[in-house]
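Visitor: Hi, I have a structure open and would like to talk it through. Could you walk me around?

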Amino acid sequence: MLSRDALLDALARVAPASAPGQNVVSLGWVEGLAWRAENGQMTVNVSLGVPPDLGPSLEPLCREAEAALAAVPGVDRARVVLTAQRPPAAPAPTTPRGPIALPGIRRIVGVASGKGGVGKSTTAVNLAIALRDLGLSVAMLDADIYGPSLPRLLGVAGTRPASGSGRLKPVVAHDLSVMSIGFLVPEEDPVVWRGPMVAGALEQLLRDVDWGEHDVLVIDMPPGTGDAHLTLCQKVALDGVAIVSTPQDIALLDARKGLAMFQKMGVRVLGFIENMSYYLCPACGHRDDIFSTGGARRAAADLGTPFLGALPLDIQVREGADAGIPVGVSAPTGPHAHAYAEIARQIWAALNGEDGARAD
Ligand SMILES: Nc1ncnc2c1ncn2[C@@H]1O[C@H](COP(=O)(O)OP(=O)(O)O)[C@@H](O)[C@H]1O
Ligand SMILES: [Mg+2]
């Protein structure tokens, strides 16, 4: 079966001479990618959005990309066309990676996971609180367009963001400035959107929001590897992502895929976080490694990626999530807040170049 991943892999080997160390994927040039059988031949169509002044010189690159795609098993023919990139709407001196400028935001970190249900949103929220408790001003974007959960996790479901001069104001919850599609679409509405609509909605949530000035924006990314990731990696100057996984092999397999995707996109992976790593009995303090703990630590070591920490499976964490009061808020001096703070400290240090290894 032909996959988007396999095609992007092939494209990631095509590098323009004008951008050393980059490739057509990391440069954000891949605007369209589709494949279908034409007269019994599996044909891949790609459009590359390139800077208008480079256009004519890139014809050989197109042929190179076609050859790379045609070499992917299952592909019979490939057609690559160039389109001129639209110039960015505003000058973006602080965002060399992508055209969405967030001038008031110093650092942007994504929290990602290979699959859903591993506790990514819960972890993202508690890390945001821990960053806040380091004295930082923190904003949060819910980029999980299909399953927004920040309004509920932060106790502000049903709130409507205020607007002024055509831009939305983030909702403030526990001192975090938060934006989510969940504020704009009723949470119970199934959001059935095609890829381009997801990209459009995400862009709007970033562009049409008056974010203000913040030390760090924490993005709760959707699970897996899809269109939203492409948009975020290409258009937003992500300083790094942390990947949340549970210790089980299956979740780790997905986490590895996530790691590979970010590496391909040239986004720095700050490390793995193991959630629901072990169970501490609240009555006797006994520790149970229900899911055979340590999988994420081993995978991180195998893959040469930092391991940021392990978080227990704990009823207080879940109750806090359900009640809209993160455990770091209800018990700021407790063991959970401490565990999140340790990870937040490492993330902030890595974002400021003090630690961490580049993924690529
Ligand atoms: N460390 C934890 N201990 C206990 N429950 C957790 C923990 N992390 C997440 N959960 C619970 O697991 C479920 C899924 O978490 P969620 O953050 O929504 O996952 P995701 O964003 O990955 O889909 C929620 O019910 C949440 O309360
Ligand atoms: Mg979630």
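**A walk through the model**

Guide: Happy to. Let's begin with T123, which is found in helix α3 (residues 120–133); helices here are DSSP runs of H or I of at least four residues, strands are runs of E of at least two, and both are numbered from the N terminus. This is a predicted model, where local features need pLDDT of at least 70 and side-chain atom pairs count only at pLDDT 80 or more, while totals for chains, interfaces and linings use all residues. Residues are numbered from 1 along each chain as its sequence is written, chains are lettered from A and ligands numbered from 1 in the order in which they are written, and side-chain values use heavy atoms, with hydrogens and water left out.

Visitor: Is T123 buried or exposed?

Guide: T123 counts as buried, at 1% relative accessibility. Buried means under 20% relative accessible area, exposed means over 50%, and partly exposed lies in between, using a 1.4 Å probe and protein chains only.

Visitor: And what is T123 in contact with?

Guide: Leaving aside neighbours within four places in sequence, T123 is in contact with V244, I273, N275, L311 and Y340. Contact means heavy atoms within 4.5 Å.

Visitor: How far does α11 reach from its first C-alpha to its last?

Guide: α11 reaches 24 Å, close to the 24 Å expected at 1.5 Å a residue. The expected span is 1.5 Å times one less than the number of residues. After α11 comes G353, whose phi is positive, near 75 degrees.

Visitor: Let's switch to the core. Which residues of the largest nonpolar core touch the most other members?

Guide: Those are M140, L217 and F262, in a core of 109 residues. Helix α11 (residues 335–351) supplies the largest share of this core, eight residues. At least three residues come from each of domain 1 (14–84) and domain 2 (105–351). A nonpolar core is a set of buried Ala, Val, Leu, Ile, Met, Phe, Trp, Tyr and Cys residues joined through side-chain atoms within 4.5 Å. In soluble globular proteins, nonpolar side chains tend to be buried together.

Visitor: How many Å separate the centres of domain 1 and domain 2?

Guide: The centres are 33 Å apart, taken over C-alpha atoms. The domain bounds come from an automatic or database domain assignment.

Visitor: Back to L217. What is L217 in contact with?

Guide: Beyond neighbours within four places in sequence, L217 is in contact with L102, I105, R107, I108, V109, A139, M140, L141, L206 and W211.

Visitor: And which residues are buried in helix α1?

Guide: In α1 (residues 4–11), L7, L8, A10 and L11 are buried. Seen down the axis of α1, its buried residues fall within an arc of 155 degrees, so they line one face of the helix. The arc is that of the directions from the helix axis to the C-beta atoms.

Visitor: Charges next. How many salt bridges does a search of the whole structure find?

Guide: The search finds 15. A salt bridge is a side-chain nitrogen of Lys or Arg within 4 Å of a carboxyl oxygen of Asp or Glu. One of them joins E203 and R207 (2.7 Å, N to O). Being four residues apart in helix α5 (residues 195–207), E203 and R207 are separated by about one helical turn. E203 is buried, with a relative accessible area of 17%, whereas R207 is partly exposed at 31%.

Visitor: Where does K235 sit, the other partner of E203?

Guide: K235 is in helix α6 (residues 227–235), 32 residues from E203, so this pair links distant parts of the chain. The side chains of E203 and K235 meet at 2.9 Å, N to O. K235 counts as partly exposed, at 26% relative accessibility.

Visitor: One last stop: what does L153 touch?

Guide: Not counting residues up to four places away in sequence, L153 touches S121, T122, V125, A321, G324, I325 and P326. L153 is found in helix α4 (residues 150–153) and is buried, with a relative accessible area of 4%. The C-alpha atoms of L153 and S121 are separated by 8.1 Å, although the two residues are 32 residues apart along the chain.
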